[in-house]
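Here is a friendly briefing to read with the model open beside you. Take a slow look around first, then work through the topics below.

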Amino acid sequence: MAIRRPHSGHPLLALSPGDRPLLLGNEAIVRGAMEADVAVVTAYPGTPSSEIADTFSALADEAGVYFEYSTNEKVALEVGAGAAYSGARTLVSMKHVGLNVALEPLMSLAYTGVPAGLVVISADDPGCHSSQNEQDNRLIARLANLPCLEPADADEARRLTKLAFEMSERFELPVLLRTTTRVSHTRGVVEIEARGEAGPARGFEKDFRRYVTMPPISLQRHGVLLEAMDEVAKAVDEIDELVVDTECGSIAVVSTGVCRAYVYDALAELGVTDRVRHMELAVTHPLPRRRLLQMMKAVDRVLVVEELEPVVEEELQRLAGVERLDVEIRGKGFGEFIRLGEYTPDGVLRTVARFSGEEVEAPGFPEFPGANGWEGGPVPGRPPALCAGCPHRASFYALKVAAGDDAIFAGDIGCYTLGGLDPFQMQDTLLCMGASTACAGGLSQTNEGRKVVATIGDSTFFHSGIAGLVNAVRNGHDYTLAILDNSTTAMTGHQPHPASADATRGRPVSIEAVVRSLGVEKVEVVDPMDLPSITEVARDCLEHPGVSVMICREPCPLYQLRIDGAPKERVVYRVDQNLCKTCGFKTQGLHCGADICSSTELWRSKRKIAELGLRVEDPVRERVPPCGASCPVNICVHGYVANVAAGDYAAALQVIRQRNPLPSVCSRVCHRPCEDACYRSDFEGPVEINRLKRFVCDWATENTDQIRPPEVTERRGEKVAVIGSGPGGLSCAHDLAMRGYEVTLFEQMPQAGGLLRYGIPPYRLPDEVLDRDLEWIAELGVEFRCGVTVGTDIGLDELAQQGFEAFFLATGAWSPRVPEVLQTGCEGVRDALSFLRDVNEGRRRRAEEGRPVVVVGGGNTGIDTARSNLRLGNRNVTVVERMPESECEAIPEEVEAARAEGVDFVFDAQVEEVVTGDGGLEGVRVTVGEQTLAFLPADVVFVATGQKLDVPTAVSPQLVACGDWIGTDEDGQTRLPGVFAAGDAVEGPGNVIEVIAAAKRAAHSIDKYLSENERDVEPLNFHDAQAYRDQARYQPVEVPFAPAVEPRRPEEPARTFSPPEATLTEEEARTEAERCMACGACANCNVCIDHFACVAIYRDGDGRVRINENLCNGCGVCAELCPNNAFERVALEVTR
Amino acid sequence: MSQSPQTGFDALRLFVCGVGGLGTLTVAHLLAAASLRAGRSVVTSEVHGMSQRGGSVQTNVIVGDARSPLIADGAADLFVGLEPLEALRYREKIGFETTAVVNTERVVPVTVTMGGPEYPDVDEIENTIGARARDAFFFNATEVAEELGNPRAANVVMLGAAFGLAKMPFSEEEFFAVLEKVFPARHLSLNRRAFVRGKQTASSYRCKRAMAAGGAT
């Protein structure tokens, strides 16, 4: 509020008698105290009382008043008692719950009494606008047996303050002036009177039998108090301004506090002022007994209108009972009057109308449809939030990163209480001022193994947090206390506190000196705006056994602004829309879904600020990390790896399944181009991505209830036939089903799976693993028809007649491609794939034990054949491969495993001749390298040199083009309209993941073919390889050494077809996942909003993240945590 | 509910709501100070526990005989909404006798940004408020203020619009006199212009409305 003040003099002091300014209730109290010539004022701030202290603070020097912000309310009252004992007129101000803290001195102060006026302000908060409870302190006045005055408006607040001083001095008792939020925070016209002249304080006069509350004296002083209160009780009947009474009518309304105004207006609006008596009470303890009795004798019925407790109501009932009056007294429970919350003018109007008689009706208000006229859905709330640039937000962020969600956060009262709301949810307990330090002790003693963190503000720490910390040190509690030191009491309007530097008297108290002197061994002072440092300190403190204290020191920016004034240069941050990877980019590049990355984002941000120590100025990261870019289906690898690191395996699976329809299969057989591309492969070896995938898929088998299956958003009617159920057919069926089509999968074999089931031996890909992926595909609504050969049992034209509108051929390549030299017709020369099919169907069981075997072809089929032979009992197995080992197509680990099991390899070798004798096959002669000739004896030679299309099963010979393959265009479209193809039948034998990619492309083409409008077709979202190559490379400044988790190799070479056990435990998986350097910018990042939630950051109508420059104060913490380095610093010109 | 014909009880109730930082309290203060200058009695009540922290702010200004610092549901004579969502939130203050003036410039709350309920449609808000108010004028006061050179003067533009539409307890001269006391000299000219532009915007709205009504008959 920009109220111009005169250059000299506080406006409250500049007022003259007869002036009628508009003052806040709290300001009127100050004016009243000045008119009573108060000499000493002490206070602890707290809403709704704070403006009393703040106003005194501003005018004290000028007015010659001693004012202090005391350490807490108890101290404030005790300082006040000392001053009043010395004859100084004293005012002590606090909020209602503060009086609990000051209750101990108050109770005894009532016994000693005071020789000079002492007024205690208790600002109550019915409705809990800004408090932890709504206690009614009129009951404290009764408990302490002290007079209690209650103003209804600003001017009365002034008058009653003066009167309270008069009464206090007259009866030598402290007087309680109780306001409520509606009185303290209401402005009204105040009639100014002259400031009084109380004269100087007399000084302390010793009086042992009064001021020393030792047992016999205290009992005697209680007697003095009782006598004094008897005198007060008589006096309140005589002091005119304590009771306002209309003295007319046969029914009466008695009201207190702000309700007096509500009743006044209600009676006037209802037009019943002349027949409903209104008695307003400005004193609620003791009550004006004579006047109340007079009134009760004159009326039939009384309605008491008072908020919270039925203090007056019960006293009237007691009086009426004692006096045997025939009068009906109503209050709580009548009409809308309850003990909970504030009264409203509406409620009072309706209830008074009802009380006034049947003919009186409150003006009605028509009902509107929906939620009071609104039919537009829920109205978003606007809860308070930590300000933009608030250092507490950075502290909470760091603590969240360091402590995790399992930690228990003992909270306290101050701005940081807002850390309990989204997104932090880091105030698990909140009891009262200072409770965190002790409550954390109780939590730490009863929650073995869980971290406990207490957060407390600087002012609250001194108020009442110290005692809890002393207790924790003495009793060996184990928790971390974060003292959030923003150099001021920010919540209540930036009042100074013991450690703040802005006190005009005395010396600031050092928080760290206090904490160290208590015996806390681990004490760290840290700047919360330096996220990497504070995160490290937080981890360090959390690891420390026993109590540790981190003092997070950064001034409140609003307070700093008030001290420094507006800066010459304004720094704000802006979002570089090219770097920001929020969901706004959802349709471009990679993305892993809108709502599943929460833990990932935090983890990624944590990597940036905490572990890698990367700073804002570090080189720009790649938008698409190499792992995802090199994956043929562009799985968001870093996304699922991060989910594993964050412990969210269901989310990890969801990310994988978003791009890969056969996750379990790939986790066993993929050739892993992602790992080759991993940045870490240049250092200690790549992140073991595929083993992490296997861990996730295995986890899913054990935790089926936690899987979040993909949802088909829109079902459409068109039927598509997929022919062949290998990886291509399955993937295309999956994607078409996800695109809403009705898919039927035809398979000529008795079970689905194609090459996966019949071509890959079970020790590599067990049936149950394949079946898991098949089950997930079937769950999407895909119908499987096995044992049906399309082309023989049923033709495409027949299927078309049955309503199928498109066809996808993924019949694979099952015919062996046998080199000429092996085409001898000899019985011992066999097709490797048929052998593997037999193995898979269980037709081969140790039948050929001991015989020497040669496998020609060292691709994956060759290795599978060799290792299967070992498992059948053959000890003498040799693989002959045309290429040198480095260029061999098989997965290197497979070669290694085969060798470990005892398979011999001859690389760079050509079969020159098949040697036969009388008994049939004897072996093969091979050339190794340039000239060496060798003879390899063999009873059986398996040919694994590739396959070709099985023409008779290729449905229609007219599809065959360019030699042996089905011809298609880039989109998988064949010559026949509506017939598409992909996989081995088109491109020849390939890797599973490449076949999946081709099938996904075909599914997209089929969708386009069947959709009227191409724009409705869900895009493929395959990454643009050229754009990847063009993007700026990520240059890690320093790669922290992190060796891969050592795989557990089976000790004995495998002799069975059972698959090896899982290779990673959960703990190992998470450790391995944490090796990811997060070198790619997340495609779906939302971290600044989901986890930091600075109020200056918002999502615009176009879905992009932006910064409101009016709110941004340039603190730059967002730039530190953004994994994508998308926040840029901008210096603005300041216009004045 | 300004003057009760039966009782002669005379009160004018002005309700202002907005978001911390939009100058809601300044609007209330100007209304109160100008009314006081015009010789009327004034009570105001502010509910702003956390206004500085981006929260919702509402103030009640009651001019005349009434003592209650709060305005009952449906009882506002003038309703000034400095932000459309806040206007919707406090819609129950609006009754058949209320003149509502609402700034359509949105301040999106954190709850919406973080994936809570969506920000309601401003046209729907206008319809809802229009259905219960005697008169409801929605316009973008922030844009008007921006044209004048500072979007922060939107609150005074709104006051000008309210002055142009509703019965106010003070004159324009009295308002300007108060403006001089409240704002430092370097902001005075801007705020004067903001008030006048707001008033003009309201008069053109009145003309259009009158023409539309005329055309309909």
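The domain bounds used here come from an automatic or database domain assignment. With those bounds, the centres of domain 2 and domain 5 of chain A, taken over C-alpha atoms, are separated by 105 Å. Keep in mind that this is a predicted model.

**Chain A as a whole**

- Chain A is divided into domain 1 (11–233), domain 2 (240–356), domain 3 (391–502 + 509–564), domain 4 (567–624 + 1080–1136) and domain 5 (818–945).
- If you count its elements, chain A has 41 helices and 40 strands.
- The radius of gyration of chain A is 42 Å, while the globule rule gives 32 Å for 1136 residues, so chain A is more spread out than a compact globule.
- Of the 1136 residues in chain A, 53% count as buried.
- Among chain A contacts between residues at least 6 apart in sequence, 77% join residues at least 24 apart.

**Chain B as a whole**

- Chain B has 8 helices and 6 strands, and from the N terminus on they run β-α-β-β-β-α-β-α-α-β-α-α-α-α.
- The radius of gyration of chain B is 17 Å, close to the 17 Å from the globule rule for 217 residues, so chain B is as compact as a globular protein of that length.
- Along the principal axes, the C-alpha atoms of chain B fill a box of roughly 50 × 45 × 40 Å.
- Buried residues make up 58% of the 217 residues in chain B.

**Where the two chains touch**

- The contact takes 58 residues from chain B and 52 residues from chain A.
- Several elements of chain B each supply at least two residues to the side that touches chain A, among them helix H1 (24–37), strand E2 (42–47) and helix H7 (172–182).
- H1(B) gives the largest share of that side, with 6 residues.

**An open sheet in chain A**

- Seven strands of chain A form an open sheet with mixed pairing, in the order E3-E2-E4-E5-E7-E6-E12.
- At the edges are strand E3 (66–69) and strand E12 (283–285) of chain A, each of which pairs on one side only.
- Strand E5 (residues 118–124) and strand E7 (residues 175–180) of chain A run parallel and are joined by 6 bridges.
- Helix H8 (residues 154–171) of chain A packs on the sheet and touches E5, strand E6 (148–149) and E7 of chain A; the direction of H8 makes about 165° with that of E7(A).

**Nonpolar cores**

- In soluble globular proteins, nonpolar side chains tend to be buried together.
- The largest nonpolar core here has 183 residues, and those touching the most other members are Ile121(A), Val263(A), Val352(A), Val157(B), Met158(B) and Ala162(B).
- This core draws at least three residues from each of domain 1 (11–233) and domain 2 (240–356) of chain A.
- A second, separate core of 131 residues includes Val665(A), Trp776(A), Leu809(A) and Ala1078(A).
- Which residues is Val263(A) in contact with, leaving aside its neighbours within four places in sequence? They are Val253(A), Ser255(A), His278(A), Val305(A), Val348(A) and Val352(A).

**A closer look at Ala737(A)**

- Ala737(A) is found in helix H29 (residues 727–738) of chain A.
- Is Ala737(A) buried or exposed? A residue counts as buried if 20 or more other C-beta atoms lie within 10 Å of its own; Ala737(A) has 26, so it is buried.
- Not counting residues up to four places away in sequence, Ala737(A) touches Val712(A), Val743(A), Leu780(A), Gly781(A) and Val782(A).

**Backbone exceptions**

- Most residues other than glycine have a negative phi, and most peptide bonds are trans.
- The peptide bond from Thr47(A) to Pro48(A) is cis, with omega near 5°, and Pro48(A) is in the loop between strand E2 (40–43) and helix H3 (50–63) of chain A.
- The peptide bond from His285(A) to Pro286(A) is also cis, with omega near -15°.
- Ala1093(A) is not a glycine, yet has a positive phi of about 55°; with 20 C-beta neighbours inside 10 Å, Ala1093(A) counts as buried.

Note on methods. Residues are numbered from 1 along each chain as its sequence is written. Chains are lettered from A and ligands numbered from 1 in the order in which they are written. This is a predicted model: local features need pLDDT of at least 70, side-chain atom pairs count only at pLDDT 80 or more; totals for chains, interfaces and linings use all residues. Two strands pair if DSSP finds at least two bridges between them. Helices (H or I, at least four residues) and strands (E, at least two) are DSSP runs, numbered from the N terminus. Two residues are in contact if their C-beta atoms, placed from the backbone, lie within 7 Å. Axes are lines fitted to C-alpha atoms, for helices over the stretch in contact, and angles run from 0 to 180 degrees between N-to-C directions. The radius of gyration is taken over C-alpha atoms; the globule rule is 2.2 Å times the number of residues to the power 0.38. A residue is buried if 20 or more other C-beta atoms lie within 10 Å of its own, exposed if 12 or fewer, and partly exposed in between; C-beta atoms are placed from the backbone. A nonpolar core is a set of buried Ala, Val, Leu, Ile, Met, Phe, Trp, Tyr and Cys residues joined through C-beta atoms within 7 Å.
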